[in-house]
Amino acid sequence: MAGKPKLHYTKGRGKMESIRWLLAAAGVEFEEQFVETKEDLEKLRKDGHLLFQQVPMVEIDGMKMVQTRAILSYIAGKYNLYGKDLKDRALIDMYVEGTTDLMGMIMYLAFQPPDAKEKNLALIIERATTRYFPVYEKVLKDHGQEFLVGNHVSWADVHLLEAILMAEECKPDILSPFPQLKAFKGRISNIPTIKKFLQPGSQRKPPADDKFIAEVKKIFNI
Amino acid sequence: MTGIPKLCYFNGRGKMESIRWLLAAAGVEFQEEFLETREQFEKLLQDGALLFQQVPLVEIDGMKMVQTRAILSYLAAKYNLYGKDLKERALIDMYVEGTTDLMGLILMCPFLSSEEKEKQHTVIIQKATNRYFPVYEKVLKDHRQNFLVGNQFSWADVHLLEAILMVEEKNSSVLSEFPQLQAFKARISNIPTIKKFLEPGSQRKPVPDDKYVETVRRVLQMYF
């Protein structure tokens, strides 16, 4: 009998955060083992626990899963957050790829040199408001339902909420042109498992600060 | 009744090539519309055909699908190339993400300066031989089956073959330390649908050249 999923990553958001969100949304308890030094990472590699020498790694159901998207797809499939059929899944996958691209830009912002940061922040805000948010706004407006796909909560909703909150950290009023998304944010934040995850003391991680960035650079040699 | 899938992209590999491979492997006929001018791209944008203003775009089963991974996952599932259960799908997804990362390194090559290109080539060969190929070599050695997952042909096999051939184009002896992969390459290349795709005259695209780079930059107005 496998125990709780166990997450291996640094003690910060990075690529693991979406996985924490999805497990939390599904009401699944999980443990975390933090990679704090280069030696921690080397040990995981030497012990053969990292298929491609990289984290995130999640121990779940007897597997040592790596590759963020593979892990997320597995969790979504396992906990019924992947729609009811192939077409629902296609929509969920498309929407999640969009929010992944947006959150990817925000994630890398913290690692940029100061002169590039300002330009990239402006690009993030532009992309969020002209490429990504209008899509989800329209989806919700067109079908008038509470959730993005199939009138049922899915991975796409969790991922979009995560992206919205990250974008708001870049620009607090970024949702002002998007009434559907504002309502969506309110609704999804109120789902009990998500509400719990948003409270202090949960396993949700804070935005990266300079100290954390310095540590990460040391661990991964970047 | 929807017709055959229609691919919209540049007349070259890029991110669409894995989709061409998978459709071909599944024995599915497809049409292609090639982007050659900025005006064509702007029309697609204006018509609202591109969900996130990007290609690849694949019109299939009444949907205008975008996002390479979403398209590939849909095709894999539709044509039974995604394993028989959630755990097999997990393995396939992990393996495909690895080959995606490896091919991603190669994808950007045509857009680099000569100096950057040379550096990148070294990185590609190093990552292929130290990080990626050993994984698939071991998988095949450990279970001794013909295919990567579940003793059955899957998306993971198609994607790995594509990656092997792409890396070999950079260094033809890259498989010399990987006997399992050599045998795998021959086996998968001999699957009739794949054999056909590897023959001249198929919809497989050639190694990108300067004309391709110029077309992409012109159509996307991205000068990287």
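Author: A residue is called buried if its relative accessible area is under 20%, exposed if over 50%, and partly exposed in between (1.4 Å probe, protein chains only). The model is predicted: local features need pLDDT of at least 70 and side-chain atom pairs pLDDT 80 or more, while totals for chains, interfaces and linings use all residues. Residues are numbered from 1 along each chain as its sequence is written, chains are lettered from A and ligands numbered from 1 in the order in which they are written, and side-chain values use heavy atoms, without hydrogens and water.

Reader: Which are the buried residues of helix 7 of chain A?

Author: Helices (H or I, at least four residues) and strands (E, at least two) are DSSP runs, numbered from the N terminus. In helix 7 of chain A, residues 179-189, the buried residues are A:Leu181, A:Phe184, A:Ile188 and A:Ser189. They lie on the same side of helix 7 of chain A because they cover an arc of only 115° around the axis; the arc is taken from the directions from the helix axis to the C-beta atoms.

Reader: Against which helices do the buried residues of helix 7 of chain A pack?

Author: Contact means heavy atoms within 4.5 Å. The partners are helix 5 (114-143), helix 6 (155-170) and helix 8 (192-197) of chain A.

Reader: Is A:Trp21 buried or exposed?

Author: A:Trp21 belongs to helix 1 (residues 17-25) of chain A. Its relative accessibility is 2%, so A:Trp21 counts as buried. Residues up to four places away in sequence aside, A:Trp21 touches A:Val158, A:Leu161, A:Glu162, A:Leu165, A:Ile194, A:Phe197, A:Leu198 and A:Arg204.

Reader: And in chain B, what does the side chain of B:Glu17 reach?

Author: B:Glu17 sits in helix 1 of chain B, and its relative accessibility of 2% is why B:Glu17 counts as buried. A polar contact is a pair of N or O atoms within 3.5 Å; within protein, one must be able to donate a hydrogen and the other to accept it, and residues adjacent in sequence count only if both atoms are side-chain atoms. Here the B:Glu17 side chain reaches the backbone nitrogen of B:Lys205 at 3.0 Å. Beyond neighbours within four places in sequence, B:Glu17 is in contact with B:Glu162, B:Arg204 and B:Lys205.

Reader: In what order do the four strands of chain B form the open sheet?

Author: Two strands pair if DSSP finds at least two bridges between them. In chain B the order is 2-1-3-4, with mixed pairing. Strand 2 (31-34) and strand 4 (63-66) of chain B are the edge strands, each pairing on one side only. On average, neighbouring strands of this sheet are turned by 20° against each other, direction ignored. Axes are lines fitted to C-alpha atoms, for helices over the stretch in contact, and angles run from 0 to 180 degrees between N-to-C directions. Helix 1 (residues 17-25) of chain B lies across strand 1 (6-9), strand 2 and strand 3 of chain B, at about 165° to strand 1 of chain B.

Reader: In which sense do strand 3 and strand 4 of chain B pair?

Author: Strand 3 (residues 57-60) and strand 4 of chain B are antiparallel, over four bridges, and B:Glu59 stands opposite B:Lys64 in strand 4 of chain B. In chain A, strand 3 (residues 57-60) and strand 4 (residues 63-66) also pair in the antiparallel sense over four bridges, with A:Ile60 opposite A:Met63. That hairpin of chain A has two residues between the strands, and A:Asp61 takes a positive phi near 50°.
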